[in-house]
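I opened this notebook to record what I looked up in one structure.

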Amino acid sequence: VVFGFVIFVFAFWFVTRELVFAQPGTTSGWTWLWYALPAFCVWLFYLLSFWPGSMSPDSLDQWKQVLNGKLRDWHPAFHTMTIWLVTRIKLSPATVAVSQILALGSTIGWALAVLQRHGVPRAVLWVTSCVVALLPVNGFIVVTLWKDVAYSIVLLILAMYIFQIVMQKGVWLKQPRNWFYLGVVLALVSLYRHNGIVP
């Protein structure tokens, strides 16, 4: 209760304080890649440790559906179809794990580059990049064939889109391609989990 109260007080202070906007920063086209590199390196080590990837009973059920082509929607069929599509490169759980590492690492790198453009100091972003890469839970989960990984990726993208809409006071929405991107991400959030429609 005390711990919850302390968190509540901090959160209340954080959301009610006066906003101080930092000076916008600049990024190059490859800034996201630099922020993604720690995750790529550390998570590939996790993949080698758990080669060819980690699978739970849910993952095994989806893998069986990929192999026999008989889809059931107990686990979102769209995610099973995504696994099927990715494994056209090579039929191995490692192919899915590598694609998850690349997708999540790239998304984190992109999100940190967006934060840099909005004035977050580079030191904070580098610490964040390294902490995210080194957290054991992230390393274990990203090499596991779960719908939650794909869902988390698109949910992070959605959160960053909303962040940009708020920070730019709606200007982000004036570009037609951004409406398209937002629509695709909203569809993916809804398709990768049965309760994904809620966000």
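**Entry 1: fold.** I read the secondary structure along the sequence and noted the pattern α-α-α-α-α-α-α-α-α. The model is a predicted one. My tally of the secondary structure is nine helices and zero strands.

**Entry 2: extent and packing.** I took the box along the principal axes, and the C-alpha atoms fill roughly 55 × 45 × 35 Å. I then looked up burial: 36% of the 199 residues count as buried. For contacts between residues at least 6 apart in sequence, I recorded that 76% join residues at least 24 apart.

**Entry 3: surface and charge.** I noted an accessible surface of about 12,200 Å² for the protein. Carbon and sulfur atoms account for 74% of that surface.

**Entry 4: nonpolar patch.** Which residues make the nonpolar surface patch of about 570 Å²? I listed Phe50, Val127, Val131, Leu135, Val137, Phe140 and Ile141. Two elements give two or more residues to this patch, namely helix 6 (122-134) and helix 7 (136-142). Helix 7 gives the most, with three residues.

**Entry 5: Val127.** Is Val127 buried or exposed? I found a relative accessible area of 52% for Val127, which therefore counts as exposed, the cut-off being over 50%.

Methods. Residues numbered from 1 in each chain as written. Predicted model: local features only at pLDDT ≥ 70, side-chain atom pairs only at ≥ 80, totals over all residues. Heavy atoms only, no water. Patch = residues over 30% accessible without salt bridge, like charges linked within 9 Å, V, L, I, M, F, W, Y side chains within 5 Å. Areas by Shrake-Rupley, 256 points an atom, 1.4 Å probe, with all protein chains shown as cover. Salt bridge = Lys/Arg side-chain N within 4 Å of Asp/Glu carboxyl O. Helix = DSSP H or I, 4+ residues; strand = E, 2+ residues; numbered from the N terminus. Buried < 20%, exposed > 50% of the residue type's maximum accessible area, 1.4 Å probe, protein only. Contact = heavy atoms within 4.5 Å.
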